[in-house]
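Trainee: Could you help me learn to read a protein model? I would like to take it one feature at a time.

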Amino acid sequence: MWELRHRGGCPGPGGAVAPPPREGEAAGGDHETESTSDKETDIDDRYGDLDSRTDSDIPEIPPSSDRTPEILKRALSGLSARWKNWWIRGILTLTMISLFFLIIYMGSFMLMLLVLSIQVKCFHEIITIGYRVYRSYDLPWFRTLSWYFLLCVNYFFYGETVADYFATFVQREEQLQFLIRYHRFISFALYLAGFCMFVLSLVKKHYRLQFYMFAWTHVTLLITVTQSHLVIQNLFEGMIWFLVPISSVICNDITAYLFGFFFGRTPLIKLSPKKTWEGFIGGFFSTVVFGFIAAYVLSKYQYFVCPVEYRSDVNSFVTECEPSELFQLQSYSLPPFLKAVLRRETVSLYPFQIHSIALSTFASLIGPFGGFFASGFKRAFKIKDFANTIPGHGGIMDRFDCQYLMATFVHVYITSFIRGPNPSKLLQQLLVLQPEQQLNIYKTLKTHLIEKGILQPSLKV
């Protein structure tokens with residue numbers, strides 16, 4: 001609707017734009033000479049050109065206010081803007097890392113709450129940009145519907161997680177059995193209710209704008225909810241699958257910034273003019289080394305390597321297990337050229353350290369493209385940051401744009417190279433079968449184990 005400024009219109013009540021008086025029509029609009037079809041055509045002209053805008057038609061969004069604490073402003077007042085920003089980013093980075101360590105100490109459940117909080121904040125930041133860009137604050141029901149869809153999608157994804165990882169607990173609660181058994185139908189019914197509410201909220205003069213925001217909401221859900229769900233699934237595999245990838249991205253972000261700040265000369269990509277090849281390459285090598293060392297340190301402790309499980313007897317999440325082979329020291333023969341350099345035939349490593357090289361390589365080579373994507377998004381809508389939540393860093397989404405891409409890779413990596421079928425999920429499906437079906441499966445499994453020599457043929461049912 002902002003494009004109507006070029007036609008001589010002016011804002012009317014509620015932010016609408018009134019067209020200039022037609023020839024032969026009084027300025028006060030005393031005579032209504034337009035037919036219904038003419039009015040509809042005029043509405044289409046006023047509200048139907050959103051898809052034909054150029055970049056210059058995107059309205060300027062007012063810059064976010066500076067939320068830097070006054071004590072920092074006074075302490076750094078004598079520095080240039082470049083060094084002032086460096087110190088603000090550095091201090092806030094150390095503060096966030098310290099808080100992150102504290103949450104790790106508090107356990108897996110607090111990490112899950114942290115991921116959910118970040119998801120909600122990222123959703124809020126992206127949706128708010130849509131409201132500002134498309135001037136859609138007054139669309140009927142839409143703010144409510146956006147958050148309703150967020151709840152629906154979270155209910156669907158995390159209901160699946162409960163079914164997968166808490167099958168034993170679910171079987172003891174009759175009400176939960178009903179919710180799990182019909183979880184997908186309930187999820188679909190909830191979404192369908194929101195869909196119908198959206199259709200009923202359509203207003204004639206806002207059709208196209210409402211569908212723009214409907215699509216905006218769903219893309220935002222795809223970016224935030226699905227990725228945060230994968231982060232939590234990675235966490236259930238063991239905290240190490242959560243910490244090493246996330247810390248590798250953080251390491252790459254910090255070291256690439258430092259190498260670029262002090263040594264950067266060659267621009268890397270036009271989407272991010274401040275990114276340099278020196279920072280990109282320096283960040284890569286630093287991240288691979290960091291990931292390798294972090295994997296070695298964390299692999300020593302059950303707290304980090306054991307899958308997260310819920311123990312109903314103690315009513316809490318526990319991380320106790322016999323570490324798998326991934327987290328037990330193995331001897332590896334060195335290649336000939338390394339034997340001469342290191343003067344040793346073998347080296348002892350945790351197998352996870354080899355996997356950490358793949359994870360940190362992705363974090364440093366492909367992960368930054370999540371940031372480049374976010375930079376392109378911000379340039380498309382003429383904003384500097386997603387929000388001003390963290391001084392010197394922008395919004396939460398500015399810090400986690402690479403993390404979401406990393407979460408997807410880790411999940412795919414685990415399911416492709418590490419984890420087989422989920423025993424908990426198979427058990428949960430077996431327990432809801434009829435007794436006759438369960439008995440048939442038992443007999444089939446027994447026959448299979450006898451053929452493989454695991455059970456003795458004399459074993460009775």
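Trainee: Is Arg-343 buried or exposed?

Mentor: Keep in mind that this model is predicted. Arg-343 has 76% relative accessibility, and because exposed means over 50%, Arg-343 counts as exposed. You will find Arg-343 in the loop between α13 (336–342) and β8 (346–349).

Trainee: What should I look for in the backbone there?

Mentor: Look at phi. Most residues other than glycine have a negative phi. Arg-343 is not a glycine, yet its phi is positive, about 60 degrees. Lys-382 also has a positive phi, about 55 degrees, without being a glycine.

Trainee: Where is Lys-382 found, and how exposed is Lys-382?

Mentor: Lys-382 sits in the loop between α15 (368–380) and α16. Its relative accessibility is 29%, so Lys-382 counts as partly exposed.

Trainee: Now for helices: how do I describe a packed pair?

Mentor: Two packed helices are described by the angle between their axes and the distance between the axes. Here, α10 (residues 239–263) packs against α16 (residues 396–418) at about 140 degrees, with the axes 10 Å apart. That angle makes α10 oblique to α16. The crossing of α10 past α16 is right-handed.

Trainee: Which residues in α10 and α16 meet?

Mentor: Among them are Trp-241, Ile-246 and Val-249 in α10, and Met-406, Val-410 and Tyr-413 in α16. The residues of this contact divide into 11 nonpolar, 1 polar and 2 charged.

Trainee: And how many helices and strands does the chain have?

Mentor: The chain has 18 helices and 8 strands. Of its 461 residues, 40% count as buried.

Definitions and conventions
Residues numbered from 1 in each chain as written. Predicted model: local features only at pLDDT ≥ 70, side-chain atom pairs only at ≥ 80, totals over all residues. Heavy atoms only, no water. Axes fitted to C-alpha atoms, helices over the stretch in contact; angles between N-to-C directions. Helix = DSSP H or I, 4+ residues; strand = E, 2+ residues; numbered from the N terminus. Parallel < 35°, antiparallel > 145°, perpendicular 65-115°, else oblique. Left-handed = near helix turned anticlockwise from the far one by under 90°. Contact = heavy atoms within 4.5 Å. Nonpolar A, V, L, I, M, F, W, Y, C, P; charged D, E, K, R; others polar. Buried < 20%, exposed > 50% of the residue type's maximum accessible area, 1.4 Å probe, protein only.
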